[in-house]
Amino acid sequence: MKFAVIGARVLLGLIFVVFGLNGFFHFIQPPEMNEAAGGLMGALAGTGYFMIVVKLVEVISGLMILTGRFLPLGLILLAPVSVHILLFHIFLDPAGLGMAIFIIAMQLFLAWAYRDSFSGVLQANPSPAG
């Protein structure tokens, strides 16, 4: 189990660090997209801030997962990004669906492996400290 967790951490962390950095340095050419997918990505990039924030979250959270420091926080921050990646590929660009499923699977596996770290987040009726 320990080696599976380390492998999942390295793979998921590298995916988000590399593709997050690619959003800034453009060292990997994006694949061709259909009109709907390209329109959405163009609109998000056109805001001037949205994709910058997403790519920054990907890099920082990917480093958290890769290094193991604040890993549960990294998983929580990446959850909405990962869900968006999955939904984007389900509805707009099925070509990348395999990678999207892999990302969700690795994230769920790591969340399960570190499930004790999420006990407070999953309380239905928490009470404030103090």
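**Entry 1: secondary structure**

I started with the secondary structure and found five helices and zero strands. Reading from the N terminus, I get α-α-α-α-α. A reminder to myself that this is a predicted model. I then looked up the extent of the chain: its C-alpha atoms fill a box of roughly 50 × 35 × 25 Å along the principal axes. Of the 130 residues, 31% come out as buried. I also checked contacts with a separation of 6 or more, and 66% of them join residues 24 or more positions apart.

How do α1 and α5 lie to each other?

Then I listed who meets whom. From α1 I have Ala 4, Val 5, Ala 8, Arg 9, Leu 11, Leu 12, Ile 15 and Phe 16. On the α5 side I wrote down Met 99, Phe 102, Ile 103, Met 106, Gln 107, Phe 109, Leu 110 and Ala 113. Sorted by type, the residues of this contact are 14 nonpolar, one polar and one charged.

**Entry 2: the largest nonpolar core**

I went looking for the largest nonpolar core and found 19 residues in it. Which of them touch the most other members? Leu 12, Phe 16, Ile 65, Leu 75 and Leu 110 do. The elements giving two or more residues to this core are α1, α3 (50-67), α4 (71-91) and α5. I checked which gives the most, and α4 does, with six residues. As background, nonpolar side chains in soluble globular proteins tend to be buried together.

I followed Leu 110 a bit further. Not counting residues up to four places away in sequence, Leu 110 touches Val 5, Ala 8, Arg 9, Leu 12, Ile 65 and Leu 75.

Leu 75 is in helix α4. Buried or exposed? Leu 75 is buried, because its relative accessibility is 3%. Leaving aside neighbours within four places in sequence, I find Leu 75 in contact with Leu 12, Ile 65, Gln 107, Leu 110, Ala 111 and Phe 118.

I then compared positions with Ser 61, which lies in helix α3. Leu 75 and Ser 61 are 14 residues apart along the chain, and I get 7.1 Å between their C-alpha atoms. Ser 61 is buried as well, at a relative accessible area of 1%. With neighbours within four places set aside, Ser 61 is in contact with Gly 74, Leu 77 and Leu 78.

**Entry 3: positive phi in the loops**

Most residues other than glycine have a negative phi, so I flagged the exceptions I came across.

His 26 has a positive phi of about 50° although it is not a glycine. I placed His 26 in the loop between α1 and α2 (35-46). Its relative accessibility of 61% makes His 26 exposed.

Phe 70 also goes in the notebook, with a positive phi of about 60°. Where is Phe 70? I located it in the loop between α3 and α4. Phe 70 counts as exposed, because its relative accessibility is 55% and the cut-off for exposed is over 50%.

Note on methods:
Residues are numbered from 1 along each chain as its sequence is written. This is a predicted model: local features need pLDDT of at least 70, side-chain atom pairs count only at pLDDT 80 or more; totals for chains, interfaces and linings use all residues. Side-chain values use heavy atoms; hydrogens and water are left out. Contact means heavy atoms within 4.5 Å. Helices (H or I, at least four residues) and strands (E, at least two) are DSSP runs, numbered from the N terminus. Ala, Val, Leu, Ile, Met, Phe, Trp, Tyr, Cys and Pro count as nonpolar, Asp, Glu, Lys and Arg as charged, and the others, Gly among them, as polar. A nonpolar core is a set of buried Ala, Val, Leu, Ile, Met, Phe, Trp, Tyr and Cys residues joined through side-chain atoms within 4.5 Å. Buried means under 20% relative accessible area, exposed over 50%, partly exposed in between (1.4 Å probe, protein chains only).
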